[in-house]
Amino acid sequence: MTVTGMSLEALDSVAWDELETAHPHDPVEDVPRTLRLLALAGAEATEENCYPLYSLVTRNEGRTPTAAAAALPFVVALAADPAMGARVSLVELLVAMHAPALADEDWTGTWALLADPDPEVRRAAIPLAAGIVRLLEQWRVEPDPTVRLPLLLALGEAASGEAGAGRTGDAFDEARAVLAEVLGGDDPVLWVAAVHASAGLDRELPVRQMDRLIKVFSDPALRPRFEEVWYTPDVDGPWTREDLVRSTAWKPAHDPGAELSFAVRLIETADRTGDAALCRVALDLAWRLLTKRRSVETALLPLAGRLLTDPDGAVRLRAANMLAVLGPAAAPYADRLAALLDDDGADEYLDGTVGEIARWALARTGDPRALPGLIEQLRAQEEEQGRGYVVGDPRRPDIKDVLIPLRAHADILLPAMRETIRQGGARGDATRRFLEVLEAWGEDALPALPDLLPLLADTWTSIHVIGVLRAMGPAAASAEPALRTCQVLDSPGNHSFVAWTAAYIGEDREAALRLVGDAVMTAEEPGYGPIGALTDFGLDAAPYADRVRLAMENSTHWPRLTAAITLWSITGQAEPSMQVLEEFVLPIADGGDGFGFFHEALQALIRMGEISPAIRAALLTVRQSDRRLSTDGGYPMILRDEELRGLVEQALACAGPRSGETCRNVW
């Protein structure tokens, strides 16, 4: 019996029980069952009916299941039958099945799909063309612009692949001639496609054609044309002009100057013509560059400042975000930012409002107009339910990133923070976030001490409060009785932390050292206990030097770095600690991304008051680099880069003669 082009008898004759699916938990019997259901559904078959086959017969972690070869002719038969439903989905399934392991199977039936009467089927089948020759054949006869465009893109990709493999010939030359002809044509949208298609053969082409690219993208009459004809087999629905701007922006990535120029000129043009949609997408490109490279800051600062008064709220939001991360450099625009504090402009795809980001931008410049209402705003942000954002996109900052730099204003901010902690208690949404800030503020947070003591009774916050008390030091001595009875999660490390913190703030230095030392001596690998806590005791902790040295020599990563820093602190000797610090500094100059280690090593070098020649050379290289010293994504990349570069400058200041005491004072 043949149903919609597929023989059910042939389906039943396959020895399916000898085959396997992509996932061991999926029985192979599901393959013929799904194929049978599709065949019987015929014209009523849907995309959902095809879904099970994706997990059954497509590659899983690079491995092609043996059932795929057996299923292939049946899927081809179903996809080729004009009476079948969900044909586009079936063709897409064939594309997903295409794999080197099936190269020797018969795919000839799929080539007929390129000439199918349905343009959607033809378009979906383009990845099955298997080479320049067949793509050229279809290009010569294809009448539908929604198929011609992806054919052109596929032709460019195939030609680039042939060129990369060193294979050229008549077909390759003809493909290049087709691309050249379209590049010289008068269809602006197809011309953009030709630029994309040719970029793999000539990466400088998008740079040379930047003037026309900007002109085409800036023409409001052409905007709907992209959605009319720009389809690709791997994307559901049409591409918008904004999609194409984003995609085009990657083409000159090898040329930082051209990459920046593309974004800046689009912003300027969109601002001049009032094209808010184009301005938004161009600002998104600029944001991406700003998080990647320091050198773009000068070009983007005046643009962002000017756009603070744009009629479009989403544009103002993006501009405010740029000024916020640029920090003190945005001070000339402080009055404009202050005028936006009540601006509720927003973007459906971005986190926060113009007013919220403007307040942060003011705070970054040190403007006191940011302070009234700041704590209330941050509290509301933390209590907001269902907040979501893309890590790399502009967004509202974390509480610690706003408040820790405002330590000089602690006297103004603390009353509202204390009230939030009192109202929220240990389980308040913002409580733990504010505790991070108080710990960073140290003794300046001392007025909040009475509000912290109740939090010691809850394991949700007790360890965090202990960290705050530790940062306050002996000034928090009145908290010692409460600390000794606090509730922590039951573990030896937590109990030791409580004991030595109590001794430390109670100024019983001898007891505190004994407790920390005992914990270090009895700890097991790989953490070696609270070794880092010994640094507080300086040379008094020298009796534990052998244990610390052993930990340094027999560990890696954080334990090794911490032990090296501690060894210097308790012996006063730069070596062998300096050699270990080199391990965490030098790789950054070669493009490494261990920025957390780098941060700790820099702080240690500043405390030591000296650096080795190798470290100095590495830091000079890092100083000249344009990349952001962070992998965090989004605004934290800029803030972390700013912080690390400040530490680099301090560490370099330690390299000169008689600079040791100066460095320690700076620290």
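User: Which residue forms a salt bridge with Arg306?

Analyst: This is a predicted model: local features need pLDDT of at least 70, side-chain atom pairs count only at pLDDT 80 or more, and totals for chains, interfaces and linings use all residues. Residues are numbered from 1 along each chain as its sequence is written, and side-chain values use heavy atoms, with hydrogens and water left out. A salt bridge needs a side-chain nitrogen of Lys or Arg within 4 Å of a carboxyl oxygen of Asp or Glu. Here the closest N and O atoms are 3.1 Å apart, and the partner of Arg306 is Asp271.

User: How many residues apart in sequence are the parts that Arg306 and Asp271 tie together?

Analyst: Arg306 sits in helix α18 (residues 297-307), while Asp271 sits in helix α16 (residues 256-273). Helices (H or I, at least four residues) and strands (E, at least two) are DSSP runs, numbered from the N terminus. The pair therefore ties together parts separated in sequence by 35 residues.

User: Is Arg306 buried, partly exposed or exposed?

Analyst: Buried means under 20% relative accessible area and exposed over 50%, with partly exposed in between (1.4 Å probe, protein chains only). The relative accessible area of Arg306 is 39%.

User: How many salt bridges does the count come to?

Analyst: The pair of Arg306 and Asp271 is one example of a salt bridge. By the rule for such pairs, the count comes to 52.

User: Which helix holds both Arg422 and Glu419?

Analyst: These two side chains form a salt bridge, with the closest N and O atoms 2.7 Å apart. Arg422 is partly exposed at 45%, and Glu419 is partly exposed at 32%. They are three residues apart, about one turn of the helix, and both lie in α24 (residues 410-424).

User: What span is expected for α24 at 1.5 Å a residue?

Analyst: The expected span is 1.5 Å times one less than the number of residues. α24 has 15 residues and reaches 20 Å from its first C-alpha to its last. That is close to the expected 21 Å.

User: Which helices do the buried residues of α24 pack against?

Analyst: The buried residues of α24 are Ala410, Leu413, Leu414, Met417, Thr420 and Ile421. Contact means heavy atoms within 4.5 Å. The partners are α22 (374-383), α23 (399-403), α25 (431-441) and α26 (449-452).

User: Which residue follows α24?

Analyst: The residue has a positive phi, near 65°. It is Gly425.

User: Where does Arg628, the partner of Asp641, lie?

Analyst: The side chains of Asp641 and Arg628 meet in a salt bridge of 3.1 Å, N to O. Asp641 lies in helix α36 (residues 635-653), so the pair ties together parts 13 residues apart in sequence. Arg628 is in the loop between α35 (613-624) and α36.

User: Is Asp641 buried or exposed?

Analyst: Arg628 has a relative accessible area of 4% and is buried. Asp641 has a relative accessible area of 2%, so Asp641 is buried.

User: How many disulfides are there?

Analyst: A disulfide needs a pair of cysteine sulfur atoms within 2.5 Å. Among the cysteines, Cys279 is buried at 1%, and Cys486 is buried at 13%. The count of disulfides is zero.

User: How many aromatic pairs does a search of the whole structure find?

Analyst: Rings of Phe, Tyr and Trp (its six-membered ring) pair if their centres lie within 6.5 Å; planes under 30 degrees apart are stacked, over 60 edge-to-face, and the rest tilted. The search finds seven.

User: What is the angle between the planes of Phe226 and Trp230?

Analyst: The centres of these two rings are 6.3 Å apart, and the pair is tilted. Phe226 is buried at 0%, and Trp230 is buried at 2%. The angle between their planes is 40°.

User: Which ring pairs with Trp558?

Analyst: The two ring centres are 4.5 Å apart and the planes stand at 45°, so the pair is tilted. Trp558 lies in helix α32 (residues 557-571) and its partner in helix α34 (residues 595-608), so parts 39 residues apart in sequence are tied together. Trp558 is partly exposed at 40%.

User: What percentage of the residues of the protein count as buried?

Analyst: The protein has 37 helices and two strands. Its C-alpha atoms fill a box of roughly 90 × 65 × 55 Å, taken along the principal axes. Of its 667 residues, the buried share is 52%.
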